[in-house]
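Biologist: Could we go through the charged contacts in this model together? Please keep the answers plain.

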Amino acid sequence: MARPRQSPRFTPSVELPPRGPGRAAARRHITSVSLVFSPPCPARSEPTLCLESLIYWRCAARSGAALGAGLVLLVALACCSVVSVLAYSSLLALVAAVAFRIYKNVLQAVQKTNEGHPFKWLLEKDVSVSVERAQSLAASATAQLNAALAELRRLFLVEDLVDSLKFGVLLWCLTYVGACFNGITLIILGWIALFTLPKAYEMNKAQVDANLELARAKINEISAKVRAAVPLGRKAESEKDK
């Protein structure tokens, strides 16, 4: 009976000794060498993938820690000034780092080991921003800013009457939102929504998409009726067609 073909991997050509203790040691050596030469798994270290894993709760511990830390920071900002929150949080981080460094030094002295600096892996990590990355971020921010300025100019100068009216209704609704909540409260609600709404949408995607499609169709129907009743709307559409 033919043996099944195994997946290709590095296997050093070593002659195993006869049965005995030497044969087991040689087999362990071959296994360790083959693991060293095995191709590493690709690392998913892109910021977008990390953010997606957090807001979709791929790892409950990390997502819960991020949500809790953000809420604590925002509540602290709501109760104290920004300078106080930055000073106290930085002082707490510094005290924790100094205490951990002293603990590791005492532990190394007692055990008579030389493990080096406890934060060596962080000190050796490259945290600088490359020129290409900075230029890419600046170009993306500039494009977004230009698009926002062009859209605001179009809305405030009433290029399309219907769109400007819808923008006015949105601003009118925001006046009521501002009367009920302040800025930091809205940020706290937005932070909670960031960690709840995407997961809820993922779990109920079919029902939410169906309801959104009905709402979109109703809004488009009302907009079409308003455009048909307003002469300026028809004029703007004819100018766009030309």
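Modeller: K205 and D209 both sit in helix 9 (residues 205–229), four residues apart, about one turn of the helix. Their side chains meet in a salt bridge, 3.0 Å from N to O. A salt bridge here is a side-chain nitrogen of Lys or Arg within 4 Å of a carboxyl oxygen of Asp or Glu. Helices are DSSP runs of H or I with at least four residues, strands are runs of E with at least two, and both are numbered from the N terminus.

Biologist: Buried or exposed, or in between, for K205 and D209?

Modeller: K205 is partly exposed, with a relative accessible area of 43%, and D209 is partly exposed at 28%. Buried means under 20% relative accessible area, exposed over 50%, and partly exposed in between, with a 1.4 Å probe and protein chains only.

Biologist: What does the model rest on?

Modeller: It is a predicted model, in which local features need pLDDT of at least 70 and side-chain atom pairs count only at pLDDT 80 or more, while totals for chains, interfaces and linings use all residues. Residues are numbered from 1 along each chain as its sequence is written, and side-chain values use heavy atoms, with hydrogens and water left out.

Biologist: How many salt bridges does the rule give?

Modeller: The count comes to 10 salt bridges. One of them pairs E202 with R58, with the closest N and O atoms 3.1 Å apart. E202 lies in helix 8 (residues 183–203) and R58 in the loop between helix 2 (47–55) and helix 3 (60–79), so the pair ties together parts that are 144 residues apart in sequence. E202 is partly exposed, with a relative accessible area of 34%, and R58 is partly exposed at 47%.

Biologist: Changing topic, which residues does the "transmembrane region" annotation cover?

Modeller: The unreviewed UniProt entry places it at residues 71–100 and 169–197. UniProt positions follow the numbering used here, feature names are shortened, and annotations may be inferred rather than shown by experiment.

Biologist: What is the helix content of residues 71–100, and of residues 169–197?

Modeller: Residues 71–100 are 93% helix and 0% strand, with the end C-alpha atoms 26 Å apart. Residues 169–197 are 93% helix and 0% strand, and their end C-alpha atoms lie 25 Å apart.
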